[in-house]
Amino acid sequence: MEVEFVMIKVSVVMATFNDESTIRESIESVLRQTFEHWELLVVDDGSSDTTASIVERIAAKDARVRLIQMSRNGGSGAARNEGIRVASGTYIAVLDADDLALEDRLSVQVDVMESNPDLVAVASQIAEFGPWGGPVVSAWSTEDSAVQRRQFEYKMPIPHPSTMFRAETIKSVGGYDENCRRAQDFALFLKLRDLRVRCLPEVLVHYRTDRPVSFKYVRRNQQYADLAMTRHRLSLMGHDEADIPTEPRWSAATEIRALKSWLVRSTRERLSHR
C-alpha cells in the first residue's frame with residue numbers, strides 16, 4: 001500500500017510546566033485548526049503533575065502531537081529552544097499551554113508569511129481572559145511604520161503569544177536566550193530588531209492572564225528585561241560570553257521602570273473592566 005507523504009508546514013511549539021488544568025484545552029484548539037499541515041511539539045519542562053500523561057494520551061490518538069520531555073526544568077526559553085531544534089516546519093508558531101488558538105490562526109498567518117517573504121514574524125491581536133472575566137481585546141500597532149518604531153525604541157514590537165516565526169530565521173539567531181528565565185520573548189525580539197515583523201488587526205489567540213497584575217510580577221519581568229537588554233548590547237559590542245551577565249540585578253532605574261510599567265498595566269486593566 002502506498003503511504004501518502006504529508007509535508008509539515010507549521011511546527012507549533014508549546015512549552016509547558018505543571019499545566020494539567022489547561023493543556024488539554026490548548027491542544028484541542030490546535031487540533032481544530034482549519035490548516036492541516038502542522039505538527040504540535042509539546043515540550044514538558046519537568047512537570048510534577050499529570051501534564052505529561054495528558055499529552056501522551058492525546059498523542060496516542062493523533063500522531064501529529066509529540067511529547068518532548070526535558071531532563072530538568074530549564075525555563076520556557078530552554079523548552080521552546082528544544083522544540084525549535086527538532087521542528088521540521090517552515091514556520092514556528094508559539095502557543096502557550098494555557099492559551100487558545102482560534103480555528104483559522106495557522107491558515108491566516110501562513111497566508112501572510114507566504115505572501116510576504118521579507119517578513120520574519122507575524123502576530124495578531126490577542127484577547128485576554130481568565131477567572132476575572134474577558135475576553136478583552138488588545139490594541140497592538142498594526143501599521144508597519146509604528147511596529148518598526150517600537151523596534152527602534154527597544155520595545156516589544158508585536159505580541160509574542162500569537163507570533164509565527166520563519167523557522168530558518170529563529171534558528172539562525174540562536175532562538176531564545178536561556179539566561180532570561182523571564183522576558184525571553186523580549187530578548188528574542190532584540191535579536192530580530194533589524195528585521196521586518198508585522199501584527200495583524202484580527203484576534204487569532206485567546207491569552208489567559210491573571211488580574212490584577214501584581215507589582216512583584218512586573219518587577220521581576222523588568223529585571224529580566226533589563227538583563228536581556230544588557231546581554232544584547234554587550235554581545236553586539238563583541239564581549240566574550242563569559243563576561244556577559246547571566247543573572248538579573250537590582251537597580252534604582254529598574255525599580256522606576258517597573259513601577260511605571262505596573263501603573264500603566266493596572267490602569268489599563270481597570271479601564272478595560274468598565
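The largest cavity holds about 60 Å³ of space. This is a predicted model, so local features need pLDDT of at least 70, side-chain atom pairs count only at pLDDT 80 or more, and totals for chains, interfaces and linings use all residues. Residues are numbered from 1 along each chain as its sequence is written, and side-chain values use heavy atoms, with hydrogens and water left out.

**The cavity**
- On a 1 Å grid over the protein atoms alone, a cavity is a set of points where a 1.4 Å probe fits but cannot get out, and lining residues have an atom within 4 Å of a point.
- A volume is the space filled by probe spheres set on the points, which are joined across faces, edges and corners.
- The count comes to 1 cavity of 30 Å³ or more.
- Its lining is made up of Q151, Y154, K155, P157, F186, F189, L190 and R193.
- Helix α7 supplies the largest share of that lining, 3 residues; helices are DSSP runs of H or I, at least four residues, and strands are runs of E, at least two, numbered from the N terminus.

**The second largest pocket**
- A pocket is an open set with protein on both sides within 12 Å along at least five of seven lines.
- The second largest pocket has about 210 Å³ of space.
- Among the residues lining this pocket are D177, L190, K191, H232 and I244.
- α8 gives the most to the lining, with 5 residues.

**A strand pair**
- Strands β6 (residues 119-130) and β7 (residues 133-137) pair in the antiparallel sense over 3 bridges; pairing requires that DSSP finds at least two bridges.
- A hairpin through 2 residues joins β6 to β7, and G130 stands opposite G133 in β7.
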